[in-house]
Amino acid sequence: MTCVLAIDIGGTKLAAALVDEAGSMLRSATRPTPRAEVMVALAALIEEVTGGGPAPEAVGIGCAGPLDLAAGTVSPVNMPSWRGFPLRDEVRKLTGLPTMLAGDAQCMALGEHWLGAGRGSSALLGIVVSTGIGGGLVIDGVPLLGPNGNGGHVGHMSIDPYGERCECGGRGCVERYSSGPNLARWALANGWTPGAHGPADTRDGSADARDGSADARALAADARVPAADARALARDAAAGDPVAVAAFERGARALAGMIASTAAAVELTKVVIGGGVSAAGPVLFDPLARALDDVAGLAFVRAVEVEPTTLGVRAGLAGAAKLAWDHSRSAV
Ligand SMILES: [Zn+2]
C-alpha cells in the first residue's frame, strides 16, 4: 500500500493523515494547536499517524498564512510563536521525505477539486468563510499558488473602494463584510439581540454541524466577537429575525461581488464555499444566488456555479495529500 502524509495546520487544530492514491484516509489524528512548541506537538502527531503504518512517499502540508513559498516559511496570524518559521525544512528533516507546502485555503480548494464539490471543474475557486475569509484557485487541475504562495487571497479583494477600512490596511475588503465576526459585528451594531429566537445551544448531529463546530472553535479564538455569535446569527436568520437576515444578505452581496470579479478575471466555472459560516446553509446561499444574479453581467460570469463544500473540514487534508501525490508523480 503506497500512501502520502497529509498535514493541515490551523490556529486551533493540527491534523494529519495517511492518504492513498485514491484519496482514502488510512489513518488520521488531530490535536489542539498549542500556544508554543508547535513543532513538538506536530512531531508527536506525525509519529502517532505514521508509527507502525505503511511508509509514506512524500508529505503535503496546508498551513494557515501568510506564508512564503519560495523560502518555505510560515507566519500564521493566529500562531504568534511561528514568525518566518521554516516549516517545510523542519518537516523534511523530521521525516526525511520530499515535502510540499501550500496555504490552508489553497489546500481546501485543491481537496474539493480532487474529491469534493469541485471535481472536474476546469477553473475552481474554493472559499473558506470563517473567522476570516481565505481562498484558493485551481486552474486546469493545478493550484495557482503565485510566486510567494499568496495566490487566491480573495478575502482581501476590495468590493467597495469607498468602503470600510479592513484590518489588513486595505479598504472595502470582502472579509470586512462577510466573515463570521464581521457578520455578527454589523448585526449587533444594527440592533440584533443574539438568541432572541431560541435557546443558544440547539445542535443537531449531522456531519455539517460537526464541521461547523470545528470552525466555531476557530471563531472562539477570535477575541473580537464571542464564539457563538456567528452561529447564533445564522440560527436567528433562519428563524426570520430581520436584522440577522439583513446581515447575511449584506455579507452575501459582498461575496457575490468578489465571486463575479474573480470569475471575470480567470473565467471560473465553479465556486465551492466551506468554513464555519457556510454551515449556515440557505440563509447564506439563497441571498448569494440572488446577489450574483444581480451583480454578474457577462454570460460566462453568470454561468459560474456556486456550491457548498462536500468534504467539510477534511478538504484541507485532502488537498495537502494531493500536493504530495502530484509531487511524487512528477518526480518519477
Ligand atoms: Zn483586507
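Two residues are in contact when they have heavy atoms within 4.5 Å of each other, and that idea runs through this briefing. What you're looking at is a predicted model, where local features need pLDDT of at least 70 and side-chain atom pairs count only at pLDDT 80 or more, while totals for chains, interfaces and linings use all residues. Residues are numbered from 1 along each chain as its sequence is written, and side-chain values use heavy atoms, with hydrogens and water left out.

**The whole protein**

- The protein has eleven helices and twelve strands; these are DSSP runs numbered from the N terminus, with helices being H or I of at least four residues and strands E of at least two.
- Of its 332 residues, 52% count as buried, meaning under 20% relative accessible area with a 1.4 Å probe and protein chains only (exposed is over 50%, partly exposed in between).
- Take the contacts with a separation of 6 or more: 66% of them come from residues 24 or more positions apart.

**Helix α3**

- Helix α3 covers residues 104-115, and its end C-alpha atoms sit 16 Å apart, which agrees with the 16 Å its twelve residues should span at 1.5 Å a residue. The expected span is 1.5 Å times one less than the number of residues.
- Ten of the twelve residues in α3 are buried, so mostly it's covered. Among them are C107, M108, L110 and W114.

**Where α5 meets α8**

- The axes of α5 (residues 180-189) and α8 (residues 242-266) come within 9 Å and cross at roughly 135°. Axes are lines fitted to C-alpha atoms, for helices over the stretch in contact, and angles run from 0 to 180 degrees between N-to-C directions.
- That makes α5 oblique to α8: under 35 degrees is roughly parallel, over 145 roughly antiparallel, 65 to 115 roughly perpendicular, and the rest oblique.
- On the α5 side, L183, W186 and A187 meet V243, A246, A247, F248, R250 and G251 in α8.
- Sorted by class, this contact has seven nonpolar residues, one polar and one charged. Nonpolar covers Ala, Val, Leu, Ile, Met, Phe, Trp, Tyr, Cys and Pro; charged covers Asp, Glu, Lys and Arg; the others, Gly among them, are polar.

**Where α8 meets α9**

- Helix α9 (residues 282-295) and α8 have axes that come within 8 Å and cross at roughly 50°, and the two are therefore oblique to each other.
- Residues of α8 including F248, L255 and I259 take part in the contact with α9, where the partners include L284, P287 and L288.
- This contact has 13 nonpolar, one polar and four charged residues.
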